[in-house]
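Me: I would like a close look at a single part of this model. Please keep it brisk and connected.

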Amino acid sequence: MELDELYTQVITENSRSREHRYQMQAPSVVKEGVNPSCGDEITLQLELDGDVIKDAAFIGDGCAISQASANIMIDLILGKTVEEAKALSGTFMGMIKGEVTDEDSLESLEDAQAFQGISHMPSRVKCAVLGWHTLEEALKGKDGNT
Amino acid sequence: MTDAEIRSLFPELMNERDGRRMVYLDSAATSQRPSEVIEAVGSFYANDNANPHRGTYLEAEKATEVYEEARNRTASFIGAESRDVIFTRNTSEAMNLLAYTWGAENVGAGDRVVITIMEHHSNLLPWQRLCRMKGAELVYLYLNDSFEITDSEIEEKINADTKLVAFTHVSNVLGVMPPVGKIISRAKETGAVTVMDCAQSVPHMKVDVNELGADFIAFSGHKMFAPFGIGALWGRDELLESMPPFLSGGDMIEYVREQDATWAPLPQKFEAGTQDPGAAAGLLAAISFMERIGMDVIAQRERDVYDYALSRLSELDHVEVYGPADRERFGAIPFNVKDVHPHDTATVLSADRVCVRAGHHCAQPLLKSMGLNSCCRISFSVYNSREDVDLLCDSLKKVRGRLGL
């Protein structure tokens, strides 16, 4: 994979964005995610209102890929229901594994489609999925009725 | 020998991809192997293949001969007796062997094990686990702002309760050497046993166990041109004799009865099960290679490249080098490109075939103490040249731009 495809403007700009990167006042769910092999870490914070993700933010330290992916993910899940967020996560993971390729499904990922090419860089896949993996953990057992 | 001549001895370094050679700056992780090591492993399996220490036919005798010759050469390489050199898979296994034998028998509740904050996890976790199992205390020798372990730190921490002091000869991250002589003499004063992790020194400088003065040393073959899967533990004869076996099984026994057993003499007591004579053949060839090139030549070449790299990196804006600037250092240089995560730096460099390591380098407590989560690291071996450093620096200049900075 060429570097130009990896470090696109979408990714480099999102990696430095402060938009969703802050400590929330009173999040209802807090989940830490770590890549033990490289030390990337994020703390995902969610405020759930019924089954709707009313607010979300993260703090973290990691490579451009992991931080950009978390930022774009929060863009996507804000205002979505837990079920919708889980579906997006499934689509993202599927895209990274190369299993989801149809355009309609990919369209739902909006800017997160920028990570499609990373499936060809096995050593960086774990960076791209860190945020989404942490989201899945955070939403475990949250079936929308809580 | 010229840079190009030395490089040409290593097949991996001659592979061109997209018309570019590999600039290998990760020898602290594992070295490249010269042709003669690769051929020695192939030759063992083609000509001498049998299980050593068993069988009376020609090939079995030859396998035994190769395996024991590798031990003899490893021993003489470090100034030791053959019976005190135990083959392990690597340094981690050697440290586990010590923790589960000498450590389990001699460290108890309220005792102290002292290590340095610079340790690789291989010389940290076996002691951490031992201390947790026994209710002993794991105490760290910390670095001051100049990356030194002070005399008072050594005198304070290594006390009468200290049963064992384990420390690295050369840090795999900072490339600095702790005050070996002072630590060992303080340990002797208080009656503690000393263990040295020589994984980052034996490949790069002449190491003699008699001059060093430690009670145990361990190192890995794969960092010194030998195959993966073979390393060595050396220990003082009387200590090795006093220790129970670590792993038990084939080939390490004298007599086995239904309810008890007695053990083989050193070194077989610590080598249970079929060993890896193919890797031993490679280690033998690796030591021959190092002796032919000469440890002084290896050390001098690496010194030149190391100092050149330090000075070139310090000229680069946006590159932050960690560690002391005013002391002799060996092997490894840690650094970061400002505002860029080390994994992104390593990825950009890899597009130019420049191979560096990024991460915590199996030394998380050290990185934490430096206020870092991770960093890039370059490390050298005999095949590196000033040209490698120039190619690294050319590539480093592109990093921030690639990340949109």
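How many residues does the contact take from chain B and how many from chain A?

Reply: The contact takes 14 residues from chain B and 19 residues from chain A, where contact means heavy atoms within 4.5 Å. This is a predicted model, in which local features need pLDDT of at least 70, side-chain atom pairs count only at pLDDT 80 or more, and totals for chains, interfaces and linings use all residues. Residues are numbered from 1 along each chain as its sequence is written, chains are lettered from A and ligands numbered from 1 in the order in which they are written, and side-chain values use heavy atoms, with hydrogens and water left out.

Start with area. Chain B and chain A bury about 1300 Å² between them; buried area is the accessible area (1.4 Å probe) that two parts lose on being put together, summed over both. Carbon and sulfur atoms carry 51% of it. On the chain B side, the residues that lose the most area to chain A are Thr347(B), Asn373(B) and Arg402(B), together 36% of what that side buries.

One salt bridge joins the side chains of Asp344(B) and Arg124(A), at 2.9 Å from N to O.

Helix 13 of chain B gives the most to the side of chain B that touches chain A, with five residues. Helices (H or I, at least four residues) and strands (E, at least two) are DSSP runs, numbered from the N terminus. By class, that side of chain B has four nonpolar, eight polar and two charged residues. Ala, Val, Leu, Ile, Met, Phe, Trp, Tyr, Cys and Pro count as nonpolar, Asp, Glu, Lys and Arg as charged, and the others, Gly among them, as polar.

Now helix 13 itself. In chain B it spans residues 342–351, and eight of its 10 residues are buried, so the helix is largely enclosed by the rest of the structure. Buried means under 20% relative accessible area, exposed over 50%, partly exposed in between (1.4 Å probe, protein chains only). Among the buried residues are Asp344(B) and Thr347(B), the former in the salt bridge to Arg124(A). Pro342(B), His343(B) and Leu349(B) are also on the buried list. Just after the helix, Arg353(B) takes a positive phi of about 65°.

Another positive phi belongs to His361(B), near 55°, in a residue other than glycine. His361(B) sits in the loop between strand 16 (357–359) and helix 14 (364–369) of chain B. At 0% relative accessibility, His361(B) counts as buried. Most residues other than glycine have a negative phi.

Finally, Asn384(B). This residue lies in the loop between strand 17 (375–379) and helix 15 (386–402) of chain B. Asn384(B) is buried, at 2% relative accessibility. Its side chain reaches the backbone oxygen of Tyr24(B) at 2.8 Å. Leaving out residues up to four places away in sequence, Asn384(B) touches Tyr24(B), Leu25(B), Ser27(B), Arg301(B), Val305(B) and Ser379(B).

Note on methods. Polar contact = N/O pair within 3.5 Å; in protein donor to acceptor, adjacent residues only side chain to side chain. Salt bridge = Lys/Arg side-chain N within 4 Å of Asp/Glu carboxyl O.
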